Every structure is written in structure tokens, then in C-alpha cells.
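Reader: I am new to this structure and would like to learn how to read its strands and the surroundings of its ligand. Could we go through them slowly?

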Amino acid sequence: MDIKDIFEPELAGRVRTDLDMSLYTSFKTGGKADFAVFPESPEELQSFIEAFHKNGIDFITLGNCTNVLVSDEGIRGAVLFTSGLKGLSLEDNIITAMSGSLMSETASFAARHSLSGMEALNGIPGSVGGGVYMNAGAYDGEVKNILVSVDTIDRQGNLKSYAAEETSLSYRHSIFSENGETIIKARFALSEGEEKEIRSRMSDYNARRREKQPLEYPSAGSTFKRPEGYYAGALIEQSGLKGASIGGAMVSEKHCGFIINKGSATSADVKNLIEHVRETVYQHFGVMLEPEIKMIGRI
Ligand SMILES: Cc1cc2nc3c(=O)[nH]c(=O)nc-3n(C[C@H](O)[C@H](O)[C@H](O)COP(=O)(O)OP(=O)(O)OC[C@H]3O[C@@H](n4cnc5c(N)ncnc54)[C@H](O)[C@@H]3O)c2cc1C
């Protein structure tokens, strides 16, 4: 049976089979997903999830793929991409953002409306859905500081709504990594400010990123979570791992907290280097680093 046959005809056009994930991931690695779906409205999203549930198909929801390491063996089942779920609106200093909108688009929208609170999130290259799921943060900002509420859909296709305090946001964690629900949209409360000052803060943060981070190479940002009382990058550097490499994966010389793809890395190279870094840092400092990036597929 052709997988497209399980969907209503109007959805079948949004289905792609054997999707090469390396074209989508910020690491530029990863094998093929059996199939991927690209809904363009919350209704289509719900129909896809209902069809997955009815047919016993496993799926994972992905945004801009900037925090994932996808197995070279690919992903069995479906990938549900939110990239077609875009849209931003404003009411009483609260921005409602569809999950596929980029964090940077949302921060620019806020600046255009002289609203402050998203400046530090502007340089995070992910989507709103990925940002809420990860409680993304940078410098002195994190999603938790501005989140009002989140609308989701559970794995049976039921619509749900959460107030911010029900989402268990903590350092790079949310309730959605436990319940597997798909984020449809989020609301952020911002405060009034001066557009010029907001934009100047955004440029300042971006300049700091360009100066400190190896943005010229594919990566997924910080590879590891910050261990309590330490900085992962400093531990890695002090363990003598600056520039350490396996295959095409390398510990960045510019920022040891980043593993980069020098051009020909496979996900296995990245995974093996992650393990090498963890073991070496543990031997030196007795600290076991936890990956921040999500390993997906047949890893
Ligand atoms: C150069 C670079 C710099 C970075 N800097 C930062 C930084 O400063 N701070 C920071 O926190 N992160 C940073 N990151 C990591 C990454 O951008 C963030 O974690 C971002 O929030 C991930 O969003 P995404 O849309 O790319 O998520 P994806 O990578 O697509 O997915 C990440 C996780 O979120 C889940 N997910 C995504 N969308 C949804 C949804 N709609 N519903 C339910 N689950 C969903 C996925 O299943 C997956 O488990 C950086 C990455 C890069 C490449």
C-alpha cells in the first residue's frame, strides 16, 4: 500500500516519502525519514495526527531541526514538520505565534511593534515550537520569562491548552518532552519599549554570537547542557579537547561547547565524538556532561 493512501486526498499532496533529513538538519547530517508530512494549518495538523493514531504510525514533530542529531540510518515512521504552520498576531502586548514561525521572525515582529522581551531569543535559529519545547534561552533571556500559554494537540488528536505555569519549563526542559504532544501555537507577554533600543540590543546579542560561536560551520548550537557550577565549554577545553575530531566532526576551536561538522561528518561521527568528550571530561573532572541536543531515529 502507498503510504499516501491512508490520508484524505487533500492531505496526500503534503506527504513526502524517503525524505533526506540531511537537507533539513542544521548539522547537515542524517539519513532518510520513511516519510514526512508538511501540514499548512492546525486543521491539517490535526487530521495528520488522527490518521497516524488510527493507523498505528509512530511520528516525531520537528521545527527547524537546529537541535537534533538524526541517525544516519534515518527515521522509521513519520516526521511531522511544522514549517508550514506560520503566523504572528498581536493583542494587548501579547504575541500569538504559530509553532512553525521562527524565533527570529517573532523577535523582529516584537521589535517592529516596539515590544521588548524577546531580544535575547532573536539569535536562536529554531522555531517557536522548538523554543517552547526546549525552553530555549540565551544571555539573560529564556522562553519561560515571557510565556503565557501554549496550545497543543495530543497523540490521539485532541486539542489541549496549557497556562505557562502548567508547562513545567525549566532549564532546556518542558512538559512536552514527557507527554509527546505537538505544540500548535504559543503566546508571549512583552512589555512596551523603544524600537530603536530594542533593535540595538538585538544587534548587540547577534554581534556577541558572531564573535564567540562558530556560525560558519554546521552544528546544533551548544552540544551539552550547562552542568551545575561549571561551563561545558571550559571543562571541554581544560580536558585538552579543543579541536578534537572523529571523522568529519570536530570540537570547535572557537567555542569548545560546540561540535561542528567540518563538511563530511556523519551523525555517527558526531555521536562518537560526543561520547569521547563525555568520557574524557569525566576522567578529568568527574562531571558527566549531558547532551542538550536530541538524538533522533535509529541511533
Ligand atoms: C548556531 C546555533 C545556535 C544556537 N543557539 C542557541 C541558544 O543560544 N539557546 C538555545 O536554547 N538554543 C540554541 N540553539 C539550539 C536550537 O536552536 C534551539 O534548541 C531551538 O529552540 C530548537 O528549535 P527547532 O525548531 O530547531 O527544534 P528542532 O531541532 O526541530 O526540535 C528540537 C526538539 O523540539 C521538539 N519540537 C520541535 N517543534 C515542536 C513542536 N511544534 N511541538 C512539539 N515538539 C517540538 C522536537 O521533537 C525535538 O525534540 C542553537 C542552535 C544552533 C544551530
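Reader: Which residue in β5 does I60 stand opposite?

Author: This is a predicted model, in which local features need pLDDT of at least 70, side-chain atom pairs count only at pLDDT 80 or more, and totals for chains, interfaces and linings use all residues. Residues are numbered from 1 along each chain as its sequence is written. Strands (E, at least two residues) and helices (H or I, at least four) are DSSP runs numbered from the N terminus, and two strands pair if DSSP finds at least two bridges between them. Here I60 stands opposite V79 in β5, and β3 and β5 (residues 75-81) pair in the parallel sense over four bridges.

Reader: What is the order of the strands in the open sheet of four strands?

Author: In a regular strand the side chains alternate between the two faces of the sheet. In this sheet the order is β1-β2-β5-β3, with mixed pairing, and the edge strands, β1 (15-20) and β3, each pair on one side only.

Reader: Which bridge partner does T152 have in β13, and which in β12?

Author: The partner of T152 is I183 in β13 and K160 in β12. Strand β11 (residues 147-153) pairs in the antiparallel sense with β13 over six bridges, and with β12 (residues 159-163) over five bridges, also antiparallel.

Reader: Which residues come nearest to the ligand?

Author: A residue counts as near if its C-beta atom, placed from the backbone, lies within 6 Å of the molecule. Of the 32 residues around the ligand, G63, G126, G129, G130 and G221 come nearest, while the largest share of the shell, five residues, comes from α4.
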